Amino acid sequence: MKERLEALKNDALAELAGVNDAQALGDIRVKYLGKKGALTEILRGMGALSAEERPVIGQVANDVRGAIEAVIEEKQEAFQRAETEKRLAKETIDITLPGRRLPEGGLHPLTKVIQDLEDIFVGMGYQVAEGPEVETDYYNFEALNLPKNHPARDMQDSFYITEDILMRTHTSPVQVRTMLAMQGESPVKVIVPGKVYRRDDDDATHSFQFHQVEGIVVGKNIRMSDLKGTLLQFVREMFGAHTEIRLRPSFFPFTEPSVEVDVTCIKCGGAGCRLCKQTGWIEILGAGMVHPNVLEMGGYDPKEYSGFAFGMGVERIAMLKYGVDDIRHFYNSDLSFLKQFARL
Ligand code: FA5
């Protein structure tokens, strides 16, 4: 039996010497040491041995198993090492190559302008609020002193969802919403950025969906000069310290008096150019003193409180600030356009 075991060992080692892949190694392990392998087969005959012989043969069998296993293990490690080396050689990184720039995102110019606007007004003590884009006829028009069939409704044609629900045409509905939320507390000092919708021309300066920022201040002794000072401060922070403003009389049903506000032309500084149609001024927003009816609908007694409000088109501000000549650039998702703003 001892000879058979020695012979098995020699066979196994001879076979192992010629092996050069992991698969063949596994096969040899099964063939010689597996449950149905050659070694088990021989050891089945142990029962026939005498009590003295059994431990001796047992020892030999263990030695044979140990010797075969040692070679298998050694070979396995060698295969693994070779495999790792092959992989490392394949994955070698040339650290002398220049780095590859990862694609870098940036904020959309309209987002940037809205953030700038918020920073400026928060710096003046305003809070930032929001309102629904799907609005009731009441807040969008009636609470703003625009009863049904009022001719001024024609200035803001809208997309209706039902007779009484529409996509808001401006951010002004948040004026009364804000006043009601403040429940008579003062001062109210809020700006409201957001999307608005109009059935309007689709051209270089008009879109059916655009952004506005509304501002509303209500308190005691709020005057037109406060509105003017606030807007002057705003345009100087937005467009530069030398910017001037001009207030022209206008009409909005929800403010009285109402004004259109112009800034000195960003391009020519007021001298006159094509952008400002040789006037030196560019209109940027509508504003005025909150109409007494609107104050009342917001729960503020117009005999005690007064206020101002303004509403500007964000696209208009962005076009002026960045010299963009067509509003549609903002919506086309053209990366070569948008990338210019990524690092501003
Ligand atoms: C209003 O929407 C008033 N709610 C503003 C207001 C608020 C007045 C508070 C008084 C007090 P107007 O319709 O003029 O006003 O629009 C304001 C700005 O939105 C315009 O100056 C313009 O910059 C922008 N705007 C208007 N229509 C469009 C459009 N179709 N596409 C892009 N921007 C537009």
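Me: What kind of model is it, and how are residues numbered?
Reply: It is a predicted model, where local features need pLDDT of at least 70, side-chain atom pairs count only at pLDDT 80 or more, and totals for chains, interfaces and linings use all residues. Residues are numbered from 1 along each chain as its sequence is written, and side-chain values use heavy atoms, with hydrogens and water left out.

Me: Sheet first. What is the strand order?
Reply: Seven strands form an open sheet in the order E1-E4-E5-E9-E8-E7-E6. The pairing is mixed. Strands (E, at least two residues) and helices (H or I, at least four) are DSSP runs, numbered from the N terminus. Two strands pair if DSSP finds at least two bridges between them.

Me: Which strands are at the edges?
Reply: Strand E1 (127-128) and E6. Each pairs on one side only.

Me: How does E1 pair with E4, parallel or antiparallel?
Reply: Parallel, over two bridges, with E4 covering residues 188-197. Gln127 has Val190 of E4 as its bridge partner.

Me: Now helices. Which strands does H5 lie across?
Reply: H5 (residues 109-123) lies across E1, E4, E5 and E9. It runs at about 165° to E4. Angles run from 0 to 180 degrees between N-to-C directions, and axes are lines fitted to C-alpha atoms, for helices over the stretch in contact.

Me: And H10, which strands does it lie across?
Reply: H10 lies across E5, E8 and E9, at about 60° to E9.

Me: What numbers describe two packed helices?
Reply: The angle between their axes and the distance between the axes.

Me: So what are they for H5 and H10?
Reply: The angle is about 100°, and the axes are 9 Å apart. That makes H5 roughly perpendicular to H10. The cut-offs: under 35 degrees is roughly parallel, over 145 roughly antiparallel, 65 to 115 roughly perpendicular, and the rest oblique.

Me: Which residues meet there?
Reply: From H5, they include Pro109, Leu110, Val113 and Asp116. From H10, they include Val314, Glu315, Ile317 and Tyr322. Contact means heavy atoms within 4.5 Å. Nine residues of this contact are nonpolar, none polar and four charged. Ala, Val, Leu, Ile, Met, Phe, Trp, Tyr, Cys and Pro count as nonpolar, Asp, Glu, Lys and Arg as charged, and the others, Gly among them, as polar.

Me: How do H8 and H10 pack?
Reply: H8 (residues 224-239) meets H10 (residues 314-322) at about 45°, with axes 11 Å apart. That makes H8 oblique to H10. Phe234, Met238 and Phe239 of H8 touch Ile317, Leu320 and Lys321 of H10. Five of these are nonpolar, none polar and one charged.

Me: Switching to holes. How many cavities of 30 Å³ or more are there?
Reply: One. About 50 Å³ of space lies in the largest cavity. On a 1 Å grid over the protein atoms alone, a cavity is a set of points where a 1.4 Å probe fits but cannot get out. A pocket is an open set with protein on both sides within 12 Å along at least five of seven lines, and lining residues have an atom within 4 Å of a point. Grid points are joined across faces, edges and corners, and a volume is the space filled by probe spheres set on the points.

Me: What lines the largest cavity?
Reply: Among others, Phe141, Leu146, Arg153, His170 and Pro253. By class, five residues are nonpolar, two polar and one charged.

Me: What is the volume of the largest pocket?
Reply: About 810 Å³. It has 33 lining residues, and Arg198, Phe210, Gln212, Glu283 and Gly313 are the closest to its centre. The lining has 13 nonpolar, 13 polar and seven charged residues. E5, E6, E7, E8, E9 and H10 each give at least two of the lining residues.

Me: And the second largest pocket, what volume?
Reply: About 540 Å³. Of its 18 lining residues, Thr205, Leu275, Ile282, Arg316 and Leu320 lie nearest the centre. E8 and H10 are the elements that give two or more.

Me: Last topic. Where are the cis peptide bonds you noted?
Reply: One runs from Ser186 to Pro187, with omega near 0°. Pro187 lies in the loop between H7 (173-182) and E4. Another joins Glu256 and Pro257, with omega about -5°. Pro257 is in strand E7.

Me: What is the phi of Asn149?
Reply: Positive, about 70°, although Asn149 is not a glycine. Asn149 is in the loop between H6 (137-140) and strand E3 (165-167).
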